[in-house]
Amino acid sequence: MLAILRKIAQAVSQQPDLTSALETFVSLVKESMKTQCCSVYFADYNQENFVLMATKGLNPKAVGKFRIGFTEGLVGLVAQREEPLNLAFAQDHPRFIYSPDVDEDNYNAFLAVPIVHQKKILGVIVIQQNLARVFSQDEESFLITLSAQLASQLAHAEISEILKQDEKAHQTTCLKGASGAPGIAIGEAFVVMPKLSFANFELKKTDLAVSSHIEQIKLFRQAVAATRNEFSTMSQELSDTLPNEALAVFQVYQQLLDAKSLGQKVEKEIKQGWCAKSALKRVIESLVGQFMAMQDNYIKERAIDVQDIGIRVLHHIVDTECALKTYPDSMILVTDVLTPSMLAQVPKDKLMGIISISGGSNSHASILTKALGIPAVWGVTDLPLLQVDGKEMIIDAYASKVYISPSNILKQEYSQFKKQEGILHDQFESEYQLDACTLDGEHIQLLLNAGLEVSTELTNAHFCDGVGLYRTEAWFMQKSQFPTQLEQENWYREVLTSYHPSPVIMRTLDIGGDKVLSYFDVEEENPFLGWRGIRFSLDHPELFLEQLKAMLKANAGLGNLKILLPMVTNVTEVEEAQRLLKQAYFELEDEWADQFYKIEQPEVGVMLEVPSSIFLLPEWAKKVDFCSVGSNDLTQYLLAVDRTNSQVSELFDPYHPSVLRALNQIAQNCMQHELPFSLCGELAADPEGAILLVAMGYRSLSMNPSSINKVKWVLRRLKITDMEDLLKSCLGQSSAIEVHRIIRNFIILNGLSQLLYKVKEA
Ligand code: PEP
Ligand code: MG
C-alpha cells in the first residue's frame, strides 16, 4: 500500500497544473483501488458549493460545471460531518440527490472521504462501483490515508492555480500566516532558497519560443560542467587520503552526469517546454523512483546518489540565475525558512518585509525581524515559492495576511494606512526622551533586548534604561569558530561601554533549540528539550570559563555588567555555574593583581523560562541577585508548543490564562521573597502585554529596540489602578480569546484605539 501511496503522490507532484494533477490522481486511484469510478470535488467557498474537478467514471463533460451545495447530497454530507461515508446502495440514502448530468445511474457502492487541510474542508474524494457492497475497512482507511497525505499537495496546487487565474483576471490573491513583527510592507517579492530540494520547486513551463529552450539548455549544460569540475576538485583533494576504490565513486558520479544518463533526458524535457530546473526535477524524481522500486538494496541506495547529484546541478542552475538577479528597491524577502544569515546578506535599506513559508512567529529569526522592525508573516505554508518571484506584494502583518499582485485600490488603501502608521510612529518617537512614567506616577524601567542585530543596536543606547537581555549567542553564531577569550573581551567591553553607566545584563551562551553554531554540529530529536543554554555551558566548562573570564575582564573599570544564566531547571545547575564563576574570578584576580582596574564580582541572575524554575523561587531568592522571566520559552514549555513550528503557532499564545497566571504568581512570589525581577520575552514588547505585566507588579521590562517608544507612549497614558482592574478580569478568563477581547476594549475605553487600527477587509 505504501508503494502505491508513494507512486500516486509522486505522479501528482510531477504535474504542471491542478487539472492534470487531479486527472492523474483520479486515474491512479481508480486503477489502484480497482473501482469503476473516482471523482474529486473541490469546495468553492465563494459560491458555497462543491464543484466536480476531475473524474474517471462520471460524465467528463460535467467537470468544472457540475456543482452541489455545501449542505446538499452525499458529498455535502461528508463535508458537513467531516468523516467518511461508506454505502452499498447510495441511491437509497435520504441525502442522495439524483443528478442526470453526471451519469452515475450505474453505480451503487459509494465511498467518500473529506480532504481536510489546516482544519478546512478542501474537497471530497468519491469512489463508486456498480456492485452493491460496502467497501472494506482496508479500502476505507487507504482512501483516508491518501486524502490526508495529499491534502497539502492538492491545496498547494489549488493555490498555484488560483494565483495563475487571478493573475490572468488581474485579481489579488490573499494568503494567511502568523504575524511576526507588526507592520505593513509594500514591495516586490524576492525569493531566496535556503536549502535546495526538488520538493521546493514548482514545475514551470517556459514560453514556447525555441530561443528560450536554447537558453535553458545552455543553463543546464553550464550547471553540469560546473558540477563536473566540482567532482574533479573533490576527487583531487581527497586523492591523498582516500583509497582508489573509494575515489571510484567520483567516476560513477561523472558517468551519471553523462549525456546518456542524465543530459539527454533533461534536454528532451526542456524541448517539451519545461524550464531547466523543472526538467531536472522531473528526470531526477523519475530516476529516484525507479531506483527505489528495485528489490536490490544496493541499487536502492543509489537513489541517494542520484538525488545528491541532481541537487548539485540544481545549485549551479540557481546560482547562475541568482547572479543575474538584482535586489528590487522595495524588496519583500520570500523564503522557505528564514535564517539570520540570510537576513545578514540582503541590503537592509531595500528590505521592506519578510515572508517565511515555514517557521514560527516566535522563533529567534522572527525575534530578529522584530528587533529590526521589519514586518513579517510566518508559516504561509501554501505559498508557491517560485511562482511569486518578482510579483508585487503587500504584507499586512497586523492581520497576518499576504496579498499577491494587489489591485490598485488595495495598494492605495495600504499606502494610506502606511502613512498613518508613520504618523503614529512619529508620535511614539517624539516622547523617546521622556520618562516611562504612568499617569499615577509609577516609573517603569524599560530596557533593551540586544545582541541579535549587532550593527544598529549600539546607537540605541540613549533610548533606554540599559540592557535587560544581551543575547551573546547571536554573536557566536556569526563566527566560523568559537571566538577567543580576547575577542570576546573586546566585544563585551564595546557593548558595556556603549551603555555605561546603565546596567547591561549579559546572558551566557544560550545555544541549542533553533540557535545553532555552524561550527558545532549537534543532532537532536527534540532540540528544545535537549542540549540548550546552561546545560551546554556546564558540559563544556572550558568554553564557559572563557566566556565568564572575558565578561569579567571586559567589566573591569566599568562595573555595569550583570550575568544571567539561561534555561536553568534546578539548583545544582546554578550552584555549579556560580562555582565556575568564582573560579574565573579568583584566577583573574591573581592574574590582574598589578592592573589598575580590579576585577569585580557581578550580580548573577537566573532566567525563569522552564516551568520548574517557577517553583524554586524561594531557593533563587537565597542564591541569586535577580531573575528575569523569559516568557517566550516559558510559554513554549507551559503550553507544550514548539515556538518554531508554524503548524502549531496559533496555539503559542502568552495571553493564555495559564501563562498569565504563572507570570502573576512569579511576580507575587518575587515580591514576597524580595527578589528583584523583570521580564525579557516578547510579551513585554507588545503594549497589551506590557499593560498586564505592569499591573502584575513588574517594574522592569526588557524588549526589542523597535518597541520601546511605543510601550513607553502607552504606559505614559494609563493609570496603574486601571491596569490592575483590567488584570483582575483577565486572570479570571478561561481562554486567550476572551483575554484579548477584554484588553482591546480597555485600550479603546482609554482613548488609545489608534493602536488597534486595521485596514478594512479587502
Ligand atoms: C525567552 O525565552 O523569553 C527569552 C527572552 O530568551 P530567548 O527568546 O532568547 O530564548
Ligand atoms: Mg529563552
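Residues are numbered from 1 along each chain as its sequence is written, while chains are lettered from A and ligands numbered from 1 in the order in which they are written. Because the model is predicted, local features need pLDDT of at least 70 and side-chain atom pairs count only at pLDDT 80 or more, though totals for chains, interfaces and linings use all residues; side-chain values use heavy atoms, with hydrogens and water left out.

Glu609 sits in the loop between β19 (603-608) and α19 (611-614), and Asp633 belongs to helix α21 (residues 631-639), so the pair ties together parts that are 24 residues apart in sequence. Helices (H or I, at least four residues) and strands (E, at least two) are DSSP runs, numbered from the N terminus. Glu609 counts as buried because its relative accessibility is 2%, and Asp633 counts as buried at 3%. Buried means under 20% relative accessible area, exposed over 50%, and partly exposed in between (1.4 Å probe, protein chains only).

Next comes Glu104, in the loop between β4 (85-87) and β5 (109-117). Glu104 is buried yet has no salt bridge, and the nearest side chain of opposite charge, Arg95, is 13 Å away. For charges, Lys and Arg count as positive and Asp and Glu as negative, with His and the chain ends not counted; a salt bridge needs a side-chain nitrogen of Lys or Arg within 4 Å of a carboxyl oxygen of Asp or Glu. Leaving aside neighbours within four places in sequence, Glu104 is in contact (heavy atoms within 4.5 Å) with residues including Leu58, Phe96 and Gln128.

His500 and Pro501 are joined by a cis peptide bond, with omega about 10 degrees, and Pro501 is in the loop between α15 (485-499) and β17 (504-507). Gln118 is not a glycine, but its phi is positive, near 50 degrees. Lys119, also not a glycine, has a positive phi of about 70 degrees. Gln118 lies in the loop between β5 and β6 (120-129), and Lys119 is found in the loop between β5 and β6. Gln118 is partly exposed at 47%, whereas Lys119 is exposed at 74%.
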